[in-house]
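Hello,

Here is the structure we talked about. Please open it alongside this note; my findings follow.

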Amino acid sequence: MRGIVFDIDDTLYCRQDMLVQAAENVLGVKIPDWREFIRIFYEKSDVNMAQLESGEVSTRDTNGWRYNETFRLLGLPYKPQDGGRAADAYLELQSHMFISDGLAAVLDKLASDPSLKLAILTAGESKHQWNKVDMLGLDRWFDRASIIVTGDTPYTKPDVELFRMMETRLGFSPSDLWMIGDNYDKDIAGAIAAGWHSLWINRRGLPAPDALPDITVLNDDEFVSALAKEFT
Ligand SMILES: [Mg+2]
């Protein structure tokens, strides 16, 4: 028996495309370097993730601030209200999020294999993340009891307690578990520290870190192929 634990954002669907698209729609310009845009936006996300998870600040306000900070640091022309407008545009794009056909097909195979158990470990505010579970139709492959949203816990990624919580939830030992995620520091370093296997979706082509995951892929096609190769 093996457990495969997925992150949601930028793992099961491509969040970064939507973040950049929303900014371009609001500012009316093409973002020159999307990798740098995402790098700064995600760096800013780390600043207020804990308040977001605790419900102290709303997802909309948090994202609005992250957008304005990113616009400012990149020297893009913006007005103070554009951050909030971009946050709204992003939420609207998110309401149309979907799982790609290729990934859905491989998830169907994994979910029908009795020797595998599929689970989710996702960071963010509770209601917002559970909405994504609904919008992506994740009930097709995942039991709700196998989904942990950090906003429902006292911990945030990559706290090893979250990985221990998942081990208890699924009844697996660390060496039987795989973490699948896009964020090296939160998903992969956490999994390695917990003694799990890991598959890193390195979408931005970041330099290889010291502690290597078992598998690294660079895009969705490689991700779907790697899942099928390792688990089917
Ligand atoms: Mg992610």
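A cavity here is a set of points, on a 1 Å grid over the protein atoms alone, where a 1.4 Å probe fits but cannot get out. Grid points are joined across faces, edges and corners, and a volume is the space filled by probe spheres set on the points.

Some ground rules. This is a predicted model, in which local features need pLDDT of at least 70 and side-chain atom pairs pLDDT 80 or more, while totals for chains, interfaces and linings use all residues. Residues are numbered from 1 along each chain as its sequence is written, and side-chain values use heavy atoms, without hydrogens or water.

**Cavity.** The search of the whole structure gave one cavity of 30 Å³ or more. The volume of the largest cavity is about 50 Å³. Its lining residues (an atom within 4 Å of a point) are Gln16, Asp182, Trp200, Ile201, Asn202, Arg203, Arg204 and Leu206. Three of these are nonpolar, two polar and three charged. (Ala, Val, Leu, Ile, Met, Phe, Trp, Tyr, Cys and Pro count as nonpolar; Asp, Glu, Lys and Arg as charged; the others, Gly among them, as polar.)

Asp7 sits in the loop between β1 (2-6) and α1 (15-27), and Asp182 in the loop between β4 (177-181) and α8 (184-193), 175 residues apart. Helices (H or I, at least four residues) and strands (E, at least two) are DSSP runs, numbered from the N terminus. Asp7 is buried at 5% relative accessibility. Asp182 is buried too, at 15%. Buried means under 20% relative accessible area, exposed over 50%, partly exposed in between (1.4 Å probe, protein chains only).

**Helix α8.** Its buried residues are Tyr184, Lys186, Asp187, Ile188, Gly190 and Ala191. Their cover includes α2 (34-54), α7 (160-170), β4 and β5 (197-201). Just after α8, Gly195 has a positive phi of about 85°.

**Asn68.** This residue lies in helix α3 (residues 59-74) and is buried, at 17%. Beyond neighbours within four places in sequence, Asn68 contacts (heavy atoms within 4.5 Å) Tyr78, Lys79, Pro80, Asp82 and Gly83.

Best wishes

Terms used
1 Å grid on protein atoms, 1.4 Å probe; cavity = no way out; pocket = protein on both sides within 12 Å on 5 of 7 lines; lining within 4 Å.
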